[in-house]
Amino acid sequence: MVKEKDRKSNRLLTIFERLNKGELLIKKDLAKEMLVDVKTIQRDFDEIRVYFAERLGDSGFLDLKYDSKKKGYILVSKNEYFLNSEEITVISKILLESRALNKIELEEILDKLILQSTPSERKFIREIVNNERFHYLPLQHNSFLISKVWNLSAVIRSKKLLKITYMRVDKELAVERVVKPVGIIFSDYYFYLTAYIADRSDSFPTIYRLDRITDYIPLAESFYIPEAERFEEGEFRKKIQFMYSGELMSIQFKFWGPSLEAVLDRLPTARIVGEVDNKKIIEAEVFGEGVKMWLLSQGAHLEIIKPEKLRNDFMNSLNAIIQMWLLSQGAHLEIIKPEKLRNDFMNSLNAIIQIYNHN
């Protein structure tokens, strides 16, 4: 025989579950369905309110409200404490576009995000993201990364040395390293561990793609980095391009392309320091050689002023591309068709060469 206490517990749980699903509950209908009187249902509602007050205090994350128009009770949440439907939609879109997670991890996060929305809007959000979700294409490595990001973040916080097994880009040779982990950064599809090699005194960290770290073991030994030299992920992220590490350097270049805004967005440390012949002179601080890839992508709308070494390296890269194109051997890429694209590409390279030869 079911005890009264058990009946009440089941009733309260049922009511709460239905409220959480977004149902509007009318007291008299609920009383008839559950074979109790209206006063009993009212006491149940009062107990749910007391539960919210005791567990959530004055924050008022959740509350049971009476909708006078619909003449029923609904569960409501305060938007300032929860992600609203617009924010959930935006975050979902960013996650889908990033392609950072495998299908399983992405699905789990999207489901949890959508469940934070109000029950009445969940279906609409699912409809908005369903097509992208269905066609979601994860990266080739297809690794599970969420736990790895969390675990390595804990090691970073503990300031312990870390032994990693790292698979190189050719996937044929794994190396073991003992490193001082200092940060985790996400950029251009991938998560990266930034770390100083333990037995070296480099002034800049080495970068390791998380999916290529096949094994990692926190060691007992701690490491110390002076406060003045403390690694700041945000600062580092502003100064690095395409996650190619290296020495910090100051660069200066002329720019006359169609979108100055795109330059300032791509190089967060960039600032305009002058103008010559309607060409903006821009300075920026960057780490490593990754910036050269971006500079090459700007075609004949940019000229490097300094440092001299970067300018010379840039010219050497252009000449190497042209040589590979003309010789059609030893190249990593050659446009075959359409012929217009091939010709445009060659014309762009020659235009850049003219800029530097002229100066």
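**Exercise 1. Leaving aside its neighbours within four places in sequence, which residues is Asn-102 in contact with, and is Asn-102 buried or exposed?**

Solution. Step one is to list the partners in this predicted model: apart from neighbours within four places in sequence, Asn-102 touches Tyr-136, Pro-138, Asn-142, Ser-143 and Phe-144. Step three is to take its relative accessibility, which is 4%; because buried means under 20% relative accessible area, Asn-102 counts as buried.

**Exercise 2. Work out how helix 4 is oriented relative to helix 5, and what kinds of residues form their contact.**

Solution. Begin with the axes of helix 4 (residues 85-98) and helix 5 (residues 103-115), which come within 10 Å and cross at roughly 175°. Angles over 145 degrees count as roughly antiparallel, and therefore helix 4 is roughly antiparallel to helix 5. Next, identify the residues that meet: helix 4 contributes Ile-88, Ile-91, Ser-92, Leu-95 and Leu-96, and helix 5 contributes Leu-106, Ile-109, Leu-110, Leu-113 and Ile-114. Finally, sort the residues of this contact by kind, which gives nine nonpolar, one polar and no charged.

**Exercise 3. Decide whether Val-263 and Ser-187 are buried or exposed, and describe where each one lies.**

Solution. Take Val-263 to begin with, which belongs to helix 9 (residues 260-266). Its relative accessible area is 0%, so Val-263 is buried. Beyond neighbours within four places in sequence, the contacts of Val-263 are with Phe-253, Phe-255, Ile-282 and Trp-294, and its C-alpha atom is separated by 9.9 Å from that of Leu-295, 32 residues apart along the chain. Turn now to Ser-187, which is placed in strand 4 (residues 174-187). With a relative accessible area of 2%, Ser-187 is buried, and its side chain makes a polar contact with the side chain of Asp-188 at 3.3 Å.

**Exercise 4. Describe the protein as a whole: how many helices and strands does it have, and what percentage of its residues count as buried?**

Solution. Counting the elements gives twelve helices and eleven strands. Of the 359 residues, 36% count as buried. The protein exposes about 22,300 Å², and carbon and sulfur atoms supply 53% of that area. Among the contacts with a separation of 6 or more, 59% come from residues 24 or more positions apart.

Notes
Residues numbered from 1 in each chain as written. Predicted model: local features only at pLDDT ≥ 70, side-chain atom pairs only at ≥ 80, totals over all residues. Heavy atoms only, no water. Axes fitted to C-alpha atoms, helices over the stretch in contact; angles between N-to-C directions. Helix = DSSP H or I, 4+ residues; strand = E, 2+ residues; numbered from the N terminus. Parallel < 35°, antiparallel > 145°, perpendicular 65-115°, else oblique. Contact = heavy atoms within 4.5 Å. Nonpolar A, V, L, I, M, F, W, Y, C, P; charged D, E, K, R; others polar. Buried < 20%, exposed > 50% of the residue type's maximum accessible area, 1.4 Å probe, protein only. Areas by Shrake-Rupley, 256 points an atom, 1.4 Å probe, with all protein chains shown as cover. Polar contact = N/O pair within 3.5 Å; in protein donor to acceptor, adjacent residues only side chain to side chain.
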